[in-house]
Amino acid sequence: MLAPGLLIGNGFVFGVPGSGKSFFCKQGMGQVFLNTDDDVIVIDPMHEYFDIAKTFGGAIVNMSAYKKNYVNPLDADLAHINEKGIRDVIADKSEFMLGICDQLLGSTLNQKHHSIIDRCVRELYMGAFKTRKVPLMTDFYHILKSQTEMEAQELALCLELFVEGSLNIFNHHTNVDEDNRFTVYGIQDLGTQLAPVAMLVMMEAIQSRIIENGKKGRATWLYVDECHVLLNSEYSATYLQQLWKKVRKQGGLCTGISQNVTDLLQNYIASTLISNSEFITLLKQSNIDSAKLAEVIGVSDAQLRFVSNAPSGTGLIKCGTTVIPFDNTIGKDTDLYKLYNTNIHEKIAMGLASPVCQTEACPIDKEEELADNSAAQGNSWLIY
């Protein structure tokens, strides 16, 4: 488990497929969840962490246009804030809506659009503050449509698909268990149109959760699996970079999980994130650029022999300025191995998964059956 006492609690875990990186991270999540009162949040592009979330009674938020789980991006605790608090909410939500509209309009967004968005957000939340009623995107949309400027109508038209159209999953009140200590956001089923907005909404929800936990004196551990997926898109990469820098003071501890470290180093934002991380785990690597690794991470040629074609579950840990080799292999007959293992062929052989239907890729009727069973047991939120 990463030590929160580091100057910068952020970290990375690198390993090619089959190297044991998901197993390693699941172990870390389990240690945090079972040995502390901290929260764990996972961004899961491949639905590999649904099983551990079920085991720990966590909330599974499978983000998709055809699932019935909702996160209201305009959510705010209006019942417990004063006039200063509502001004802070307005500033935060204005910045968020600027990001949404910037993603939809791109380079055509100008200062007129900025002023209109800010004006509408202020009107929205001042009204909501008086009634103490949490607003929805449709409320913002109708205020926007009531403006006289042509630019306002342009913005409203861009938002229509996500408010009154087929991708209106963010025009509902939140029905996610926001207080659950173990939350997994599944993003595998996001389509190309929904993904940009969904990523921003998810990041906003996560950042708000980290800030609220910070006020309570509780740390939040954020794991971003396959983080190169987010870094390959400008909108989510920029937000992730801001998150990496901002949440430390609120007790946020971010861990990026990716495959080949050399490939990630070609991305400027990724290199910046790695440079601002004191905890690095290297499992088996291929195409190692030793000079680049030495420059950015501080690992020598001699130390790299521990990750070049290394067995699964072994590698290097860099914690602060200390670099040590490790062997994290566990017997396959143990309960921990069965819980954390992500090798689908082994899970099928052990009878832990079906070759026809697994939890993360089941037809809708099977998913609903799983959700019903979990709800009946009272041990997990499966929100589809």
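Q: How much accessible surface does the chain have, and what share of that belongs to carbon and sulfur atoms?
A: Keep in mind that this is a predicted model. The accessible surface of the chain comes to about 17500 Å². Of that area, the share belonging to carbon and sulfur atoms is 51%.

Q: What percentage of the residues in the chain count as buried?
A: The chain has 384 residues, built into 16 helices and ten strands. To count as buried, a residue needs under 20% relative accessible area.

Q: Is Serine 94 buried or exposed?
A: Serine 94 sits in helix H3, and touches Ile117, Asp118 and Val121, leaving aside residues up to four places away in sequence. Its relative accessible area is 5%. The cut-off for burial is under 20%, so Serine 94 is buried.

Q: Is H3 roughly parallel or antiparallel to H7?
A: Helix H3 covers residues 83-105 and helix H7 covers residues 194-215, with their axes 9 Å apart. They pack at an angle of about 165°. Angles over 145 degrees count as roughly antiparallel, so H3 runs relative to H7 roughly antiparallel.

Q: How many nonpolar residues are there in the contact of H3 with H7?
A: H3 passes H7 in a right-handed crossing. H3 brings Lys93, Phe96, Gly99, Ile100, Gln103 and Leu104 to the contact, while H7 brings Pro196, Val197, Leu200, Val201 and Glu204. Sorted by class, two are polar, two are charged, and the nonpolar ones number seven.

Key
Residues are numbered from 1 along each chain as its sequence is written. This is a predicted model: local features need pLDDT of at least 70, side-chain atom pairs count only at pLDDT 80 or more; totals for chains, interfaces and linings use all residues. Side-chain values use heavy atoms; hydrogens and water are left out. Axes are lines fitted to C-alpha atoms, for helices over the stretch in contact, and angles run from 0 to 180 degrees between N-to-C directions. Helices (H or I, at least four residues) and strands (E, at least two) are DSSP runs, numbered from the N terminus. Angles under 35 degrees count as roughly parallel, over 145 as roughly antiparallel, 65 to 115 as roughly perpendicular and the rest as oblique. A crossing is left-handed if the near helix is turned anticlockwise from the far one by less than a right angle, and right-handed if clockwise. Contact means heavy atoms within 4.5 Å. Ala, Val, Leu, Ile, Met, Phe, Trp, Tyr, Cys and Pro count as nonpolar, Asp, Glu, Lys and Arg as charged, and the others, Gly among them, as polar. Buried means under 20% relative accessible area, exposed over 50%, partly exposed in between (1.4 Å probe, protein chains only). Accessible areas come from the Shrake-Rupley method with a 1.4 Å probe; for residues, only the protein chains shown count as cover.
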